[in-house]
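Hello,

Here is the structure we talked about. Please open it first, then read the notes that follow.

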Amino acid sequence: KGTLTIDDIVTPEYSSQFKPSEQSYLNFGYSDSTYWIKLNLRYVPTRKRHPDTTHWFFEAGKSQLNVSEFYSKAADGKYEGIQADIRIPYAERPMRMVTSIFPITTHRDETYTYYLKISNNSAFYVPLKLWKSAEFTRKTAREEFLYGIFYGGMIIIILYNIFLYISIRELSYIYYVGYLISASVFEIVDMGRGAAIFDSGLKWFNKEYIPVAIWFTWLGACAFTRHFLELSWRHPLIDSVLKPLFVFSALCTFSCIFMPFKLSLYFSVHFCGYMVSALPLIGAYAWYSGNRNASFFTIAWIFNTLGFVLLSTVATGRAPATPLFIAAMPAGTLLEAALLSFALAERMKRAQKDALEANHRSMQHMAGYRSIFENALEGIYQINLQGKLISANFSLAKFLGYTSVQSFLKSGSK
């Protein structure tokens, strides 16, 4: 529970209790416990031309840890610690990074012992990695590039759909934009990038507001689903279930601010997770029932659900916290966002096509009625409320002694 200090840990009583681990991706699920990790490091260059001194970066690859303290032995033989967790601003960390990064310097043929103290009150998975300086630089650049693609793609899709709403005034785009913004904020908060950017500013990007972001994401998804699939008249039974769930979720969104963080997080993850996982099933049912809007919708939510399921297995400790599993959620969200944009475009294209076909059919009907009107043997005419003659057929004009309909109408207007 975090009561032990580094002075306790280095004593023979506790130092002998460390167990070797074959995994570099530690995953404790949801745990309140505090863990100590012991790292023995010896720098043995394989070639003489390698430098006598090497700089490393030890990474605890989980953002926003409640406790992340790294202890190394000082010149006087005592252990000194440095922090890289949510208790201190990012500007005061050893390196201003989303995860906990600790610089290490080693000398040729010398052995070092380090200790890492970590705890967390949310999903507790910690990939551990020792990086050389050049490798760490390449890894950071690669990560920033990939996350830039994700956030840049989400921003482009959001702006594109805002533009479409302004142009078309279709409410589905507003609900979709609301969902995209909520999903993007959730990813920013969950990955810790919001707290890193707004270090001492916007507290809404801090870890404790993850449940709020989850609830808003579900609310946006629910509203978009109801409107996009036209559940109120196409599938009223499903709509009658989603409407009270939407109201209940809105109340939970407000109340979770005042609930204990762990309880709020546990409830929001499980409730919203199950609800979001049900959306592909709703889409599949609508697709099977002949709802043409449901095809892209169903495929898009399958990608999102797959990413959510993979991340959930990591968060609950059932899968290793590998980069592939951790990246599954943002990758699934981006793919889903792109496919749902296609779905909206396809829906509007289909609506325009249906309108053109309906207009063409009405023109055909009007042509048919006009043919009956003009070729009837009986005299037919039309006047307005003021008694003015508007139109007539040739049979009436001929019966009244006129040679053409135009001459009859001209005489009737005098």
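**What turned up**

Setting aside neighbours within four places in sequence, Ser-182 touches Ala-213, Phe-216 and Thr-217. Ser-182 sits in helix H4, residues 171-190. Ser-182 is buried, at a relative accessible area of 12%. One caution before you go on: this is a predicted model.

**Helix H6 against H8**

Start with H6, residues 210-228, and H8, residues 236-255. Their axes come within 10 Å and cross at roughly 155°. An angle over 145 degrees counts as roughly antiparallel, so H6 is roughly antiparallel to H8. The crossing of H6 past H8 is left-handed.

Here is who makes the contact. H6 supplies Val-212, Trp-215, Phe-216, Trp-218, Leu-219, Cys-222, Ala-223 and Arg-226. H8 supplies Asp-239, Leu-242, Lys-243, Phe-246, Ser-249, Ala-250, Cys-252 and Thr-253. By class, the residues of this H6 contact with H8 are 11 nonpolar, two polar and three charged. Phe-216 of H6 takes part here, and Phe-216 is also one of the residues that Ser-182 contacts.

**Helix H6 against H9**

H6 also packs on H9, residues 261-288. The angle is about 20° and the axes are 9 Å apart. Angles under 35 degrees count as roughly parallel, so H6 runs roughly parallel to H9. H6 passes H9 in a left-handed crossing.

On the H6 side, the residues are Ile-210, Pro-211, Ile-214, Trp-215, Trp-218, Ala-221 and Thr-225. On the H9 side, they include Phe-261, Leu-265, Phe-267, Phe-271, Met-275 and Leu-279. The contact of H6 with H9 divides into 15 nonpolar, three polar and no charged residues. Trp-215 and Trp-218 of H6 meet H9, and both are listed in the contact with H8.

**Helix H9 against H10**

How do H9 and H10 pack? They meet at an angle of about 150°, with axes 8 Å apart. The two helices are therefore roughly antiparallel to each other. H9 passes H10 in a left-handed crossing.

From H9, the contact includes Val-269, Gly-273, Val-276, Ser-277, Pro-280, Gly-283 and Trp-287. From H10, it includes Phe-297, Thr-298, Trp-301, Ile-302, Thr-305 and Phe-308. By class, the contact of H9 with H10 has 12 nonpolar, seven polar and no charged residues.

Ser-277 is worth a look here. Ser-277 lies in helix H9. Ser-277 is partly exposed, with a relative accessible area of 22%. Leaving out neighbours within four places in sequence, Ser-277 is in contact with Thr-305 and Phe-308. Ser-277 and Thr-305 are 28 residues apart in sequence, yet 5.6 Å apart in space, C-alpha to C-alpha.

**Aromatic residues**

The count comes to 25 aromatic pairs. One of them joins Tyr-112 and Tyr-114. That pair is stacked, at 6.2 Å centre to centre and 15° between the planes. Tyr-112 is buried, at 16% relative accessible area. Tyr-114 is buried too, at 5%.

Phe-228 and Phe-297 form another stacked pair, at 6.0 Å centre to centre with 20° between the planes. This pair links distant parts of the chain: Phe-228 is in H6, Phe-297 is in H10 (residues 294-315), and they are 69 residues apart. Both Phe-228 and Phe-297 are buried. They also belong to one aromatic cluster, together with Tyr-176, Tyr-179, Phe-224 and Trp-301.

Most residues other than glycine have a negative phi. Gln-64 is found in the loop between strand S3 (53-60) and strand S4 (67-73). At 5% relative accessibility, Gln-64 counts as buried.

Asp-109 is another, with a positive phi of about 60°. Asp-109 sits in the loop between strand S6 (100-107) and strand S7 (111-119). Asp-109 is partly exposed, with a relative accessible area of 41%.

Best wishes

Technical notes
Residues numbered from 1 in each chain as written. Predicted model: local features only at pLDDT ≥ 70, side-chain atom pairs only at ≥ 80, totals over all residues. Heavy atoms only, no water. Axes fitted to C-alpha atoms, helices over the stretch in contact; angles between N-to-C directions. Helix = DSSP H or I, 4+ residues; strand = E, 2+ residues; numbered from the N terminus. Parallel < 35°, antiparallel > 145°, perpendicular 65-115°, else oblique. Left-handed = near helix turned anticlockwise from the far one by under 90°. Contact = heavy atoms within 4.5 Å. Nonpolar A, V, L, I, M, F, W, Y, C, P; charged D, E, K, R; others polar. Phe/Tyr/Trp six-rings, centres within 6.5 Å; stacked < 30°, edge-to-face > 60°. Buried < 20%, exposed > 50% of the residue type's maximum accessible area, 1.4 Å probe, protein only.
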